[in-house]
Amino acid sequence: MTINEIQDDVIEEFSQFDDWMDRYSLLIDLGNNLQPIPAEDRTDRNLIDGCQSKVWFTAQMEDGKVVYKGDSDAILVKGIVALLIRVLSGHTPKEIVEADLYFVDRINLREHLSPTRSNGLVAMLRQMRQYALVFLSKD
């Protein structure tokens, strides 16, 4: 699936719920299904600056595609991490760098997060793109 197809699936999934409490529950479920990253990856080097909670991201190349792993110590944020990984992981660095991540606005995610969590979301996306840029520059 392309990044846009995955985003469209996310939008459709979230549009099934009118109430944001149900959408928060969906995010929490996504986070509960996220594989935790190994303890050795929970380092300051992998910590995302700008997040209120602790959030860790790693990235590696597998068969020309970026594979992200992430985790958080906050249950809702862990769901956001899972959502971002779902959309971006498994794509080429070029696809990630060039992606228009419209799903965040279409599901009104930013509007329903506290300002600090919203800043954290931006920081997570920035770091994921940064990883992709580094891999792209190595090609």
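Which residues of α2 are buried? In this predicted model, where residues are numbered from 1 along each chain as its sequence is written, local features need pLDDT of at least 70, side-chain atom pairs count only at pLDDT 80 or more, and totals for chains, interfaces and linings use all residues. Side-chain values use heavy atoms, with hydrogens and water left out.

The buried residues of helix α2 are W20, R23, L26, L27, L30 and G31, where buried means under 20% relative accessible area, exposed over 50% and partly exposed in between (1.4 Å probe, protein chains only). They sit on the same side of α2, because they cover an arc of only 140° around the axis, taken from the directions from the helix axis to the C-beta atoms. These buried residues pack against α1 (3-15) and α3 (75-88), contact meaning heavy atoms within 4.5 Å. On the face turned away from the buried side, α2 carries the exposed residues M21 and N32.

Helices (H or I, at least four residues) and strands (E, at least two) are DSSP runs, numbered from the N terminus. The N-terminal end of α2 is capped by D19, with a side-chain oxygen 3.2 Å from the backbone nitrogen of M21.

S53 counts as buried because its relative accessibility is 12%. Leaving aside neighbours within four places in sequence, S53 is in contact with S72, D73, A74, V77 and R117.

Technical notes: A polar contact is a pair of N or O atoms within 3.5 Å; within protein, one must be able to donate a hydrogen and the other to accept it, and residues adjacent in sequence count only if both atoms are side-chain atoms.
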